[in-house]
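Take a look at the model below.

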Amino acid sequence: PSEFFELYENEKTRKVVEIYFNGLVRGVTWSNTLNKNSGKPTVFCFPPKQVITAEEGYLVYKNEYLRNQETWDKLPFQPAGLILTMGLQTKYPC
């Protein structure tokens, strides 16, 4: 996480983080959509016609990590997709 934060704060490398989070956001939202369309429970629920941007995805990730930093830091690896998903679940509960 600290590498993401550092890269995002630097104007020259921010785009790399935005591209990465664009992919993460698309992946977790498509997964959620597939669950919904298959009649399975969704993990998070956006308001109607809501689209999440890469920037918002990064901020959701950052907030989730910082809110539960002690827990995440106990893990040998902090998977960005899981942290993002947990943050979306907190921000957009069903």
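Helix 2 passes helix 5 in a right-handed crossing. A crossing is right-handed if the near helix is turned clockwise from the far one by less than a right angle, and left-handed if anticlockwise. Helices (H or I, at least four residues) are DSSP runs, numbered from the N terminus. This is a predicted model: local features need pLDDT of at least 70, side-chain atom pairs count only at pLDDT 80 or more, and totals for chains, interfaces and linings use all residues. Residues are numbered from 1 along each chain as its sequence is written, and side-chain values use heavy atoms, with hydrogens and water left out.

Now the geometry of the pair. Helix 2 covers residues 14-37 and helix 5 covers residues 80-91. They pack at an angle of about 60 degrees, and their axes are 10 Å apart. That makes helix 2 oblique to helix 5. Angles under 35 degrees count as roughly parallel, over 145 as roughly antiparallel, 65 to 115 as roughly perpendicular and the rest as oblique. The axes are lines fitted to C-alpha atoms over the stretch in contact, and angles run from 0 to 180 degrees between N-to-C directions.

Which residues meet? Helix 2 brings Tyr 20, Leu 24, Val 25 and Val 28, and helix 5 brings Ala 80, Gly 81, Leu 84, Thr 85 and Leu 88. Contact means heavy atoms within 4.5 Å. The residues of this contact divide into seven nonpolar, two polar and no charged. Ala, Val, Leu, Ile, Met, Phe, Trp, Tyr, Cys and Pro count as nonpolar, Asp, Glu, Lys and Arg as charged, and the others, Gly among them, as polar.

Stay with Thr 85 in helix 5. Thr 85 is buried, with a relative accessible area of 17%. Buried means under 20% relative accessible area, exposed over 50%, partly exposed in between (1.4 Å probe, protein chains only). The side chain of Thr 85 reaches the backbone oxygen of Gly 81 at 2.8 Å. Not counting residues up to four places away in sequence, Thr 85 touches Val 28, Val 43 and Phe 44.

Asn 32 belongs to helix 2. Its relative accessibility is 9%, so Asn 32 counts as buried. With residues up to four places away in sequence left out, Asn 32 touches Thr 42, Val 43 and Phe 44.

Pro 93 sits in the segment after helix 5. Pro 93 is exposed, at 55% relative accessible area. Beyond four places in sequence, Pro 93 touches Cys 45 and Leu 88. The C-alpha atoms of Pro 93 and Val 16 are separated by 29 Å.

Notes
Helices (H or I, at least four residues) and strands (E, at least two) are DSSP runs, numbered from the N terminus. A polar contact is a pair of N or O atoms within 3.5 Å; within protein, one must be able to donate a hydrogen and the other to accept it, and residues adjacent in sequence count only if both atoms are side-chain atoms.
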